[in-house]
Amino acid sequence: MNATDSIREEVRETYSAIAERPEDDAPFPTGRSLAEKLGYPAALLDTLPVTAVDAFCGVSNVSLFAAIPDGSTVLDLGCGAGLDTLIAARRTGDTGKVYATDFSQAMLDRAHKAVAQARAANVELLMADAEQLPLADRSIDVAIVNGIFNLNPARERILLELARVMRPGGEVFAAELILTERLTEAERTDKTNWFS
């Protein structure tokens, strides 16, 4: 297994473990407390299924700041447990559609439960790698991406795939962790540090 595949499997295992046991300690902040720290209003979180909130793993409140017009077709790339998916589904309304993708079956299982609990009829969940989406060319009006670029070394392929599925004039709203200072040599060569 090459380094890229190894990182992908470690990421999948970690996120799957969070999906299966969100109450266990994770290697980074998760859940409702993280969502509130990132600016999701408590009153909004109270209206969403706990299934989605408890296993939230984003880096921002992208589904709140993204421009999601009523009736638009939305992609939630790396949807996790479905918190942003459900917010986007509300924002685009009954005439809109949200395609939500993830590469962790455990996270998708959790998202399926959350979508069913929310009775969100305008959501379709898809098992997919971010760099190979099962969507037609030029089919998406708005894409939201909440922290997957640092977790996948195939960033250029992800961006090319986003460009393929976006309609002319469509918009991508992405949030990501960024470095504010150079990594040390030890940090850059640490194979357990996904973000290096």
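The model is predicted, so a local feature needs a pLDDT of at least 70 and side-chain atom pairs count only at pLDDT 80 or more, while totals for chains, interfaces and linings use all residues. Residues are numbered from 1 along each chain as its sequence is written, and side-chain values use heavy atoms, with hydrogens and water left out.

**Two helices that meet**

Helices and strands here are DSSP runs numbered from the N terminus (H or I with at least four residues for helices, E with at least two for strands). Let's start with helix α1 (residues 3-20) and helix α7 (residues 105-118), whose axes are 7 Å apart and form an angle of about 35°. Axes are lines fitted to C-alpha atoms, for helices over the stretch in contact, and angles run from 0 to 180 degrees between N-to-C directions. On the α1 side, the contact (heavy atoms within 4.5 Å) is made by Y15, S16, I18, A19 and E20. On the α7 side, A106, M107 and R110 take part. Sorted by type, the residues of this contact are five nonpolar, one polar and two charged. In this sorting, Ala, Val, Leu, Ile, Met, Phe, Trp, Tyr, Cys and Pro count as nonpolar, Asp, Glu, Lys and Arg as charged, and the others, Gly among them, as polar.

Which residues of helix α8 (residues 155-165) are buried? They are I158, E161, L162 and V165, where buried means under 20% relative accessible area, exposed over 50%, and partly exposed in between (1.4 Å probe, protein chains only). These residues sit on the same side of α8 because they cover an arc of only 100° around the axis, the arc being that of the directions from the helix axis to the C-beta atoms. A general rule is handy here: an α-helix has 3.6 residues a turn, so residues three or four places apart point the same way. On the other side of α8, E156, L160 and A163 are exposed. The buried residues of α8 pack against three strands: β1 (73-77), β4 (140-146) and β5 (166-175).

**Aromatic pairs**

Rings of Phe, Tyr and Trp (its six-membered ring) pair if their centres lie within 6.5 Å; planes under 30 degrees apart count as stacked, over 60 as edge-to-face and the rest as tilted. By this rule there are two aromatic pairs.

| Pair | Centre distance | Plane angle | Type |
|---|---|---|---|
| Y15 and F28 | 5.4 Å | 35° | tilted |
| Y40 and F56 | 5.2 Å | 75° | edge-to-face |

Y15 lies in α1 and F28 in the loop between α1 and α2 (31-37), so their pair ties together parts that are 13 residues apart in sequence. Y15 is buried at 12% relative accessibility, and F28 is buried at 18%. Y40 belongs to the loop between α2 and α3 (42-46) and F56 to the loop between α4 (50-53) and α5, so this pair links parts 16 residues apart in sequence. Y40 is buried at 2% relative accessibility, and F56 is buried at 5%.

**Two positive phi angles**

Most residues other than glycine have a negative phi. R119, in the loop between α7 and β3 (123-127), has a positive phi near 55°. R138, in the loop between β3 and β4, also has a positive phi near 55°. R119 is exposed at 75% relative accessibility, and R138 is exposed at 56%.
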